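Work through the exercises below with the sequence and the model open beside you. Try each task before reading its solution.

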Amino acid sequence: MLQPELKLRRDKIRWLMAQQGIDAALITCNVNLLYTYGRVVSGYLYLPLNAPARLFVKRPNNISGEHIFSVRKPEQIIDILKEEKLPMPTKLMLEGDELPYTEYVRLAAMFPDIEVVNGTPLIRQARSIKTAIEIELFRRSGIAHAKAYDRIPSVYRPGMTDREFSIEIERLMRLEGSLGIFRVFGQSMEIFMGSVLTGDNAAAPSPYDFALGGEGLDPALPGGVNGSPLKEGQSVMVDLGGNFNGYMGDMSRVFSIGKLSEKAYAAHQVCLDIQNEVASLAKPGAVCEDLYNTAIEMVTKAGFAENFMGISQQARFIGHGIGLEINEMPVIAPRMKQELEPGMVFALEPKIVLPGVGPVGIENSWAVTSEGVEKLTICNEEIIEL
């Protein structure tokens, strides 16, 4: 990663720190290290407001360079900061929403008699506005994502289960360069590479805050495929995350086993219409709640409100920010007064679930520009018969 790009990211965090009177940050979680340093290490990035960042590395042991120090334990950081003649901060932020309690307390205890605050919301705010290089990485990921999805019909075989179909699609994704891991923010959020949902499994409620759930194969991971056979007259929604370069692109496409009911095609068109209308309104200054309400008005008028974003358990959002994690800011949902800004990247996913048929709808990734939005995931959006 180019050093000017990483400095730009760190300076975005510094600017927000200055607004809150924070004069240093200690960053140790993988995603935030990837954002600020360009790679994952076991260690700590100390980010002063008015001095170069210092990296303290436990593992791997082959990293060296200016402002990089090898440590065995975090307590060594204090002595090194003193040797570097850096003043102790008066207000320090830690990743309070991400660190285990014990680790948070340990790191805070290294800085006695100063104010320690939760910096997770601030870092997520900084990450919500992508740089030009980050958006280019999303574009490249979107191209690879679409290439894999274009090949999905080639791996279908009659008599497959959703699990067997998912495995073949996962293989396509890996062959196109997917890293496989699917990073999610939140202690109780987890998923494999995404989900392949068919028939009534798409309506199965899940404990996770995703658009659609799925029963899963085991209570240990209650989401996604459940071993359902792919049946004639049912739909199959493929929603596997991208991550070809660390950035979590999001895209869903719908396939069918034979022909679906006319109602299914009509519902799918409603979702496409919602996508197009929301995308046309998604300009800088647009309020997330207003975009959500537009979708609700359209799906209600079309007569599918009771099946929108689930059935018995409906997701109360139609879109979410994406980045190094699949659920970043902004969120297109009720009561979300946040306005879109140039550089934000989000997934928009209006979906309808029909009993006995399965899910229909669409999901694409979009970047907010100075005038509107740019679609980042481009491939066939119609229901494709397998």
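The model is predicted, so local features need pLDDT of at least 70 and side-chain atom pairs count only at pLDDT 80 or more, while totals for chains, interfaces and linings use all residues. Residues are numbered from 1 along each chain as its sequence is written, and side-chain values use heavy atoms, with hydrogens and water left out.

**Exercise 1.** Describe how domain 1 and domain 2 meet.

Solution. 
Step 1. Take the bounds, which come from an automatic or database domain assignment: domain 1 covers 1-127 and domain 2 covers 129-385.
Step 2. Find the centres over C-alpha atoms; they are 34 Å apart.
Step 3. List the contacts (heavy atoms within 4.5 Å). Here 16 residues of domain 1 touch 13 residues of domain 2.
Step 4. Work out the buried area, that is, the accessible area (1.4 Å probe) that two parts lose on being put together, summed over both. The two domains bury about 1,300 Å² between them, with 57% of it on carbon and sulfur atoms. On the domain 1 side, Val-31, Arg-124 and Arg-127 supply 45% of the area buried against domain 2, more than any other three residues.
Step 5. Count the salt bridges (a side-chain nitrogen of Lys or Arg within 4 Å of a carboxyl oxygen of Asp or Glu). There are three between the domains. Arg-124 also forms a salt bridge with Glu-325, and their closest N and O atoms are 3.7 Å apart.

**Exercise 2.** Trace the open sheet made of five strands.

Solution. 
Step 1. Identify the strands: they are DSSP runs of at least two residues, marked E, while helices (H or I) have at least four, and both are numbered from the N terminus.
Step 2. Apply the pairing rule: two strands pair if DSSP finds at least two bridges between them. The order is E11-E10-E12-E15-E16, with antiparallel pairing.
Step 3. Locate the edges. Strand E11 (328-332) and E16 each pair on one side only.
Step 4. Check one pair. Strand E10 (residues 319-321) and strand E12 (residues 345-348) are joined by three bridges, and Gly-321 stands opposite Phe-346 in E12.

**Exercise 3.** Is Asn-243 buried or exposed, and is Arg-335 buried or exposed?

Solution. 
Step 1. Asn-243 counts as buried because its relative accessibility is 1%. Its phi is near 50°, a positive value in a residue other than glycine.
Step 2. Arg-335 counts as exposed because its relative accessibility is 68%. Its phi is near 65°, also positive in a residue other than glycine. Arg-335 lies in the loop between E11 and E12.

**Exercise 4.** Describe the surroundings of Ser-370.

Solution. 
Step 1. Ser-370 is in the loop between strand E15 (364-368) and strand E16 (373-375).
Step 2. At 61% relative accessibility, Ser-370 counts as exposed.
Step 3. Leaving out residues up to four places away in sequence, Ser-370 touches Pro-284 and Pro-342.

Conventions:
Buried means under 20% relative accessible area, exposed over 50%, partly exposed in between (1.4 Å probe, protein chains only).
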